[in-house]
Every structure is written in C-alpha cells, then in structure tokens.
Amino acid sequence: MASEDRGCCDKCAKWFIMIINTVIIVVGAVILGFGLYWQLDETGFYKEIFNHEIFNVPIVSITIGALLLLIGLCGFFGSCCEALFLLKVYMGFLILIMLAQIVIAAAGVAMRSNVEEAVEANTLEAMTYYQDETKDEKLLISKTLDLLQQNFECCGVSGPGDWAAQRPGLFDVDDKKNCPLQLLSGIRRW
C-alpha cells in the first residue's frame, strides 16, 4: 500500500497525525488516571460535592479519558500502519466529537445555574453533618470539606457565616475572621 516515491507532503502529514495522536493518547491517559483516582479515592473528595443527577465528575472523567485514549490509538496506528479501516474509525470519532461538543456547549449554557445550585446545596448539606458523631460517614464528610476548603482557599460556601447557620452551637462564626477548621492556617479569610 505504501509507495516508494511518496512525496514530502504525505510523509509530513503522516508524522503530524502521529505526533498529534501521541499527545491525545497522553492527555487521555492523564484524564483517565485522574478519573480513576477520584472514583477510588477513600475520601470521595469530588464525588460528595459534585455528585449531580446528570454530571458525575469521576465517571465523566473516566469516560472521556477512555474515549480519548481509544481515538488517539486509532489515529496513531491508522497513520503509522496506513490502515484504512482505523483511519475511517478515527474520522468517524472526530465527526462524533465535533457534534458532541456542539451539544455539550449548548447544554452547559442551559444548565449552568442548575449545576451551581446543586453543588452549593450539596456542600451546605454536607456541612450539616461535619463532625456529626451520629453519622457513619463522619470522617469522610469532614475530610472532604477540609480538603475542599484547603484546595479552594475558602471558608464555607459564601463565607464563614455558613458554618454558624449549618452547625449552630458547634461553630459560631460572626466576626468573619475565624474559620472553624484547624487545618486552614494561612488561608485567605472571607
């Protein structure tokens, strides 16, 4: 199938496709790795807060990473081995991705406030169970909220007053200078 007198443009196109697909394979593997880490992490860090009826961060990350890996492998081996079937599969995937991007962009614009409200409501609900001795998930909830506030350098959802509202008596934060978590030393206060 490969001819000996192939021009420079054909060789450049082949190598360009191989290099681009190598990057796609690496990105897909990284996204897949993060998705698996989030799904299997004992704290359930992102699963607890970003668990929405439609959008579950770890599952979506695993799916996108696996698809990118599959697409990158089809494109890489299709161009490397000059396999017409793999190149057709690769082209089909590219067309599907373009269509999916259009649908996801429209859905993202339409559902933005719903996702924000769900994350805020789930976080506030989790705050009511922070250090609650009656819950079996006490350690999971406490570690998740501690990690969220450390990573996002915040205290509560809208500010430290959320803690007083969600856990009255346990955390009375009125002066907006103290965050109830001991792990937040040196972090920006609201």
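A search of the whole structure, which is a predicted model, finds one salt bridge, defined as a side-chain nitrogen of Lys or Arg within 4 Å of a carboxyl oxygen of Asp or Glu. The side chains involved are those of Lys14 and Glu82, with an N to O distance of 3.6 Å. This pair links distant parts of the chain, since Lys14 lies in helix α1 (residues 8-40) and Glu82 in the loop between α3 and α4, 68 residues apart. Side chains of opposite charge can pair when their charged atoms come close. Lys14 is partly exposed, because its relative accessibility is 21% (buried means under 20% relative accessible area, exposed over 50%, and partly exposed in between, with a 1.4 Å probe and protein chains only). Glu82, which follows α3, has a positive phi near 55°.

Residues are numbered from 1 along each chain as its sequence is written. In this predicted model, local features need pLDDT of at least 70 and side-chain atom pairs count only at pLDDT 80 or more, whereas totals for chains, interfaces and linings use all residues; side-chain values use heavy atoms, with hydrogens and water left out.

The protein chain contains six helices and zero strands (DSSP runs numbered from the N terminus, helices being H or I of at least four residues and strands E of at least two). Of its 190 residues, 29% count as buried. Among contacts (heavy atoms within 4.5 Å) between residues at least 6 apart in sequence, 64% join residues at least 24 apart.

Helix α3 comprises the 24 residues 57-80. The buried residues of α3 include Val57, Pro58, Ile71, Cys74 and Phe76.

The search for aromatic pairs likewise finds one in the whole structure. Phe76 and Phe77 form this pair in an edge-to-face arrangement, 5.3 Å centre to centre with 85° between the planes (ring centres of Phe, Tyr or the six-membered ring of Trp within 6.5 Å; planes under 30 degrees apart are stacked, over 60 edge-to-face, the rest tilted). Phe77 counts as partly exposed, because its relative accessibility is 40%.

In helix α4 (residues 84-128) is found Leu96, which is exposed, with a relative accessible area of 54%.

Methods
Expected span 1.5 Å × (residues − 1).
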